[in-house]
Amino acid sequence: MKDILEELESRRADARLGGGEARIEAQHGRGKLTARERVELLLDEGSFEEFDMFMAHRCTDFGMEKNRPYGDGVVTGWGTINGRQVYVFSQDFTVLGGSVSATHAQKICKIMDMAVENGAPVIGINDSGGARIQEGVDSLAGYGEVFQRNIEASGVVPQISVIMGPCAGGAVYSPAMTDFIFMVKDSSYMFVTGPDVVKTVTNEQVTAEELGGAVTHTRKSSVADAAFENDVEALAEVRRLVDFLPLNNREKPPKRPFFDEPGRVETSLDTLIPDNPNMPYDMKELIHKIADEADFYEIQAEFAKNMITGFIRLEGQTVGVVANQPMVLAGCLDIDSSRKAARFVRFCDCFEIPILTLVDVPGFLPGTGQEYGGVIKHGAKLLYAYGEATVPKVTVITRKAYGGAYVVMASKHLRADFNYAWPTSEIAVMGAKGATEIIYRSDLGDAEKIAAHTKSYEDRFANPFIAAERGFIDEVIQPRSTRMRVSRAFASLRNKTKKMPWKKHDNIPL
Ligand code: HXC
């Protein structure tokens, strides 16, 4: 018996060593942790339960039968993050470059199936040379099986991808279908075709980092949601994100203990809006002052900064926040901000996370760039996402809510439950100056007359009361009491149920 136990331990030690000391050293030399070190950091200490440690590939081509390492380049299993269950796979670059064989894919598929059956998130740590070249179509089939599971799990359990090394070719499409992608600066990249192919086909010269590094994907392409300095920081942030999310779509968002007074009054908010309506202010100040303990987890902070998206807690319960940012492009809606917010709203809706919308929007950004880029379809995504979302929706207009953008930003007409406005709100078809120029086009008169017309338009529409008269605004509130009003609104909506007509699935404009 002793021998048998020793044999098991020796096999385990072998498996844990992955590709061996030299390759582990090389991995560390690049500033990267090993697959197992990453799992240890991601999960609560001692909580990891591994599956399939001894699985090995079955390929016999190209001399592969002589190289059958345990684990086949991926560590899989489950564990907990702050006591809540998650499933995880972590590709091991030290073993055959973390390349994906049929067996490697089979291991990933097993934990994805278990995650869906048991209602827990899947976290994938990607560090791989892609399809195992020696296995040919078997490897592609393996990827296909993972892709299909990504699709089936979408909207059922949260899926998070952490890119911590190469992720190229068709391999990028698995992370692309997950809910959140985190990358590490200078050591991870994602692209469909690498710099060499790009050079051959388009004659462009570009480095891997420029083409598909963390900065590129968080600022330019918006493929990734956040970029971090190193593996340790990225994994700590995944833990923080998981704390905000429900484990599956049948659960309410998690409720954590909170140490902040729901009725906290913030008198400083009474002066947040500048006297000059064209002056910007920082919408993040309002978000921090509404949130429990001023804790805001921002998503896509570096992309389309005219729109802010992220998670806060109110009375300990997760709330998704979507807010116009007057500091950037005056908070206009455009292609990028509409896409960013629409995807976020849809995430919240599939996972029963209530949505708080903070509105200060002068309209859609004009220009050929926007129209040629399809702002009509992209803007419609956000409109559609809000209209189909059945989770509790609370909206606060702080200043401008003009034109179509007023309707899009979770207005009463898109079935928001509570629509509040600060007394500084201006709810109108457009700004007073533009309106005057159109209404009085044939008799604009001199500067004095224009000013008088503008003033009369402002008096009529540059306030929340016309909308309040019609019930489109439920209440005009004091800025200082926003946290209290919003918290109470969400508390009253905890048992909200709303059914949409049956359909196979919708046809959101893509
Ligand atoms: C088999 C692979 C491999 C792969 C790397 N290795 N990628 N083995 N299949 N795809 C092996 C290497 O042979 C090497 O083994 C070890 O992993 C480490 O690789 P290195 O090249 O030494 O590392 P590095 O210099 O860091 O370069 C990493 C790399 C490079 C840039 C990823 O390995 C590379 O270009 N690999 C091929 C990438 C590729 O073309 N993949 C297929 C893409 S298409 P030894 O024993 O020598 O240490 C694809 C399609 C997916 O993925 C489609 C889904 C539908």
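At what angle do helix α16 (residues 432-439) and helix α17 (residues 447-461) pack, and how far apart are their axes? The two helices pack at an angle of about 115°, and their axes are 9 Å apart, where axes are lines fitted to C-alpha atoms, for helices over the stretch in contact, and angles run from 0 to 180 degrees between N-to-C directions. The model is a predicted one, in which local features need pLDDT of at least 70 and side-chain atom pairs count only at pLDDT 80 or more, while totals for chains, interfaces and linings use all residues. Residues are numbered from 1 along each chain as its sequence is written.

**Overall architecture**

- The protein chain comes to 19 helices and 17 strands, with helices (H or I, at least four residues) and strands (E, at least two) taken as DSSP runs and numbered from the N terminus.
- For 510 residues a compact globule would have a radius of gyration near 24 Å, and the 26 Å of the protein chain agrees with this; the radius is taken over C-alpha atoms, and the globule rule is 2.2 Å times the number of residues to the power 0.38.
- Along the principal axes, the C-alpha atoms of the protein chain fill a box of roughly 95 × 55 × 45 Å.
- Of the 510 residues in the protein chain, 48% are buried; a residue is buried if 20 or more other C-beta atoms lie within 10 Å of its own, exposed if 12 or fewer, and partly exposed in between, with C-beta atoms placed from the backbone.
- Among contacts in the protein chain with a separation of 6 or more, 74% join residues 24 or more positions apart, a contact being two residues whose C-beta atoms, placed from the backbone, lie within 7 Å.

**The α16–α17 pair**

- The crossing of α16 and α17 is right-handed; a crossing is left-handed if the near helix is turned anticlockwise from the far one by less than a right angle, and right-handed if clockwise.
- On the α16 side the contact is made by A432, K433, A435 and T436, and on the α17 side by I450, H453, T454, Y457 and E458.
- The residues of this contact of α16 with α17 divide into 4 nonpolar, 3 polar and 2 charged, where Ala, Val, Leu, Ile, Met, Phe, Trp, Tyr, Cys and Pro count as nonpolar, Asp, Glu, Lys and Arg as charged, and the others, Gly among them, as polar.

**Surroundings of the ligand**

- The ligand is surrounded by 15 residues, of which the closest are G97, G129, G130, G169 and G170; a residue is near a molecule if its C-beta atom, placed from the backbone, lies within 6 Å of it.
- Helix α5 (137-153) and strand β6 (166-168) each supply at least two residues of the shell around the ligand.
- By class, the shell around the ligand has 8 nonpolar, 6 polar and 1 charged residues.

**Buried strand residues**

- K393 is placed in strand β14 (residues 393-402) and counts as buried because it has 30 C-beta neighbours inside 10 Å.
- Apart from neighbours within four places in sequence, K393 is in contact with I355, T357, A410, A416 and D417, whereas the C-alpha atoms of K393 and R11, 382 residues apart along the chain, are separated by 54 Å.
- M190, found in strand β8 (residues 189-191), is likewise buried, with 27 C-beta neighbours inside 10 Å.
- Beyond its neighbours within four places in sequence, M190 is in contact with I163, C167, V172, G212, H217 and V223.

**Loop residues**

- Most residues other than glycine have a negative phi.
- E315, which is not a glycine, has a positive phi of about 50°; E315 lies in the loop between β11 (307-314) and β12 (317-324) and counts as partly exposed, with 17 C-beta neighbours inside 10 Å.
- R415 also has a positive phi, near 70°, and is found in the loop between α15 (403-408) and β15 (418-421), where R415 is partly exposed with 15 other C-beta atoms within 10 Å.
- G374, in the loop between α13 (368-372) and α14 (375-388), is exposed, with 12 other C-beta atoms within 10 Å.
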